Amino acid sequence: MSGAPASGGGVGRRVLLAGALLAMPFVARAQGSARVVVVGGGFGGATLARALRTADPTIAVTLVEANATYTSCPYSNEVIAGLRDLAAQRFGYAGIAAAGVRVIQGTATGVDPTARRVTLADGTALEYDRLVLSPGVDMAFGALPGYDEAAAEIMPHAWKAGAQTDLLRRQLEAMEDGGVVVISAPANPYRCPPGPYERASLIAYYLKTRKPKSKLLLLDAKDAFSKQKLFEGGWAALYPGILERVSQSDGGTVTRVNAATRSFVTDFDTHKAAVGNVIPPQRAGRIAVVAGVADRTGWCPIDPASFESRLVPGIHVIGDAAIAGAMPKSAFAANAQAKICAWALARLLTDATPAEPLLMNTCYSLLAPGDGISVAGVYRPKNGVLTDVEGAGGTSPLNAPPEFRAQEAREADAWFQTITAETFG
Amino acid sequence: MRGVVLAALLLLPPPGATNCSGCHAAGSGNVAINGRDAGELAGLMNSYRSGALASTAMGRLMKGLLPADIDAIAAWVSVQK
């Protein structure tokens, strides 16, 4: 990180700026005046705040985040399966503040794109030259009949890590052996495409090792899914008779849930669960809608070189909320997009053109502890859309030897250690 | 101050370069790459790309780069701390 002193971005900066404007107008424009506000301190926003201080230490960066600590979704499936403590998922913002970012704990509730001003729930107003929204996803409560916030306290989604993760874990622990766990997976797009299948794998591992008379039913609104052959091969080898998936074509789409009876309703059946995990449809976090950067799909169209909104100038959207072409909604992708966006902002704020981007993604999943698989991708813009580079990327080989799988599991651990350190300092 | 701007422009990451730290940031659990010799880094990346060196994810990722990308990325990473 840069050794630049921390800037409060407040009165001191304005005094400095006023002096600079009088004495050195050129330097003032090029150096001291730019203010960037970042909303959302997950893998996208937190990475961006720090990366921007590296790309141009003269930019005043303010990060607005509702929570005092971040709880990571990657590796939260291990928490659900009892393999890891939730505490290991939590990261604070001291490292980001130490990089010279002004960190405000608060909730952004309003955006005025004309005045270039963000308003927080407590009335604080923050002016910006460029705004970055990295709000992640909201559960689209109401999109699946019967599933609302109250129902989520009975049939947790656990698709935002934290209390929901803990709730699902406790329900599994309290379940009597012989129970049926039901997971419903949504249609695309949603956060972490392989996530439901890793979750099914690790819950099946928990059942196999702790409650072997129990079963897991995965009701899927899709036919095809990420790393499908690897998951299906792993399930056949590891969890026969325990894990069953029903695809869309076979009637897997859940059309309604009933929290009172913990039931999942499909076109042909009603499945009553001992433990029910509803992974519902999702959309961009609310502030994206408030700011006008989400389109009718609920997600945010962006320019792939700068991640600037195609709908509202001066606002950039990164991470799960963005429509990033072939890039999946993953922590790795959010981190990679944040760095591209940070360098693009440094260019735009000095009237330069952002460089042509080349992005990568790597997603690891565990079939069982020490048994890892991955998918990778490389992306370049094509006709304004981030597109897979042909001949690159793809999944781990099918039927890889156990040593290869063990190596991928170790790399997954190392990746998590790296990405959290790079994001939160 | 102008020197700072100039240095920043010279250190502008070439396409693809900022992806590396997603797995190889300083002090990470994976192999450290920052500050290593550019020729050595480019040699490794090209070997992963061709398959001469076996790998898990690196080969799949490097196939998305051109030799010129690899040289530029290696040069940039070699001067990162």
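Start by selecting A:Arg35: at 31% relative accessibility it counts as partly exposed, a label for residues between buried (under 20% relative accessible area) and exposed (over 50%), worked out with a 1.4 Å probe on protein chains only. What you have open is a predicted model, in which local features need pLDDT of at least 70, side-chain atom pairs count only at pLDDT 80 or more, and totals for chains, interfaces and linings use all residues.

A:Asp129 sits in the loop between β8 (125–127) and β9 (130–133) of chain A and A:Arg35 in strand β1 (residues 35–39), so the pair ties together parts that are 94 residues apart in sequence. Helix and strand names come from DSSP runs numbered from the N terminus: H or I of at least four residues for helices, E of at least two for strands. A:Asp129 is partly exposed too, at 23%.

Next, pick A:Arg310 and A:Asp303. Their side chains meet in a salt bridge at 4.0 Å, N to O. A:Arg310 is partly exposed at 47%, and A:Asp303 is partly exposed at 26%. Over all chains, the salt-bridge count comes to 17.

Time to cross to the other chain: select A:Arg380 and B:Asp69. Their salt bridge has N and O 2.8 Å apart. A:Arg380 lies in strand β23 of chain A and B:Asp69 in helix α5 (residues 67–78) of chain B, so this pair joins two chains. Which of these partners is buried? B:Asp69 is, at 12% relative accessibility, while A:Arg380 is partly exposed at 25%.

Zoom out to the whole interface. Chain A puts 41 residues into the contact and chain B 33, where contact means heavy atoms within 4.5 Å. Together the two chains bury about 2800 Å², 61% of it on carbon and sulfur atoms; buried area is the accessible area (1.4 Å probe) that two parts lose on being put together, summed over both. Between chain A and chain B there are 2 salt bridges.

Now hop to B:Pro15, in the loop between α1 (2–10) and α2 (21–24) of chain B. B:Pro15 is partly exposed at 30%. Show its contacts, skipping neighbours within four places in sequence, and you get A:Glu356, A:Leu358 and B:Ile73.

Last stop: colour chain A by pLDDT, the predictor's confidence in each residue, from 0 to 100. The chain A mean is 93, and 92% of its residues reach 70 or more. Then select residues 1–31 of chain A: here the pLDDT is below 50, and the stretch has 29 contacts in the model beyond near neighbours in sequence.

Technical notes: Residues are numbered from 1 along each chain as its sequence is written. Chains are lettered from A and ligands numbered from 1 in the order in which they are written. Side-chain values use heavy atoms; hydrogens and water are left out.
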